[in-house]
Amino acid sequence: MTVVLSTAIVAATAPTVAPVKRDQTVRKPYPNFKVIVLDDDFNTFVHVANCLLKYIPHMTSDRAWELTNQVHHEGQAIVWVGPQEQAEFYHMQLGREGLTMAPLEPA
């Protein structure tokens with residue numbers, strides 16, 4: 001006796017294999033950068049706090065004073081962390097106001 005299997009039956013019983021993905025693009029987020037204000041002997045507390053309020057988004061008066069005190073007592077404070085282009089912009093604005101700035105560095 002001869003048994004003939006149809007190709008439909010053979011195909012239905014074959015295991016399903018997921019295709020292998022090659023050269024898949026892995027997206028990495030852009031690194032964040034820190035904007036750091038340094039202590040100096042010529043900027044007043046009021047000037048530093050006002051600059052932070054003026055240029056750093058969502059800065060509150062209380063937070064500006066906390067950061068200003070940190071700059072004075074610890075020698076520096078990280079005033080903003082975020083994408084490089086924005087960090088460069090805030091760094092430049094604060095520097096133009098006469099604040100002493102540390103170089104931008106990755107967070």
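**Close-up views of a predicted model**

**View 1. The largest nonpolar core.** Of its 21 residues, those that touch the most other members are Val35, Val37, Leu52, Ile56, Val79, Leu94 and Leu99. At least two residues of this core come from each of strand 1 (32-38), helix 2, helix 3 (61-74), strand 2 (76-83) and helix 4 (84-96). Helix 2 gives the most, with five residues. The model shown here and in the other views is predicted.

**View 2. Leucine 94 and its contacts.** Leu94 is among the core residues that touch the most other members. Leaving aside residues up to four places away in sequence, leucine 94 touches Val35, Val37, Cys51, Leu52, Tyr55, Ile56, Val79, Leu99 and Met101.

**View 3. A nonpolar patch on the surface.** Three residues form this patch: Phe45, Val46 and Trp65. Together they have about 250 Å² of accessible area. Valine 46 belongs to helix 2, which spans residues 45-55. Its relative accessibility is 46%, so valine 46 counts as partly exposed. The cut-offs explain the label: exposed means over 50%, buried means under 20%, and partly exposed lies in between.

**View 4. Histidine 58 in a loop.** The loop between helix 2 and helix 3 holds histidine 58. Histidine 58 is not a glycine, yet its phi is positive, at about 60 degrees. Histidine 58 counts as exposed because its relative accessibility is 82%.

How values were computed
Residues are numbered from 1 along each chain as its sequence is written. This is a predicted model: local features need pLDDT of at least 70, side-chain atom pairs count only at pLDDT 80 or more; totals for chains, interfaces and linings use all residues. Side-chain values use heavy atoms; hydrogens and water are left out. Patches are made of residues with over 30% relative accessible area and no salt bridge: like charges are joined within 9 Å, nonpolar side chains (Val, Leu, Ile, Met, Phe, Trp, Tyr) within 5 Å. Accessible areas come from the Shrake-Rupley method with a 1.4 Å probe; for residues, only the protein chains shown count as cover. A salt bridge is a side-chain nitrogen of Lys or Arg within 4 Å of a carboxyl oxygen of Asp or Glu. Helices (H or I, at least four residues) and strands (E, at least two) are DSSP runs, numbered from the N terminus. Buried means under 20% relative accessible area, exposed over 50%, partly exposed in between (1.4 Å probe, protein chains only). A nonpolar core is a set of buried Ala, Val, Leu, Ile, Met, Phe, Trp, Tyr and Cys residues joined through side-chain atoms within 4.5 Å. Contact means heavy atoms within 4.5 Å.
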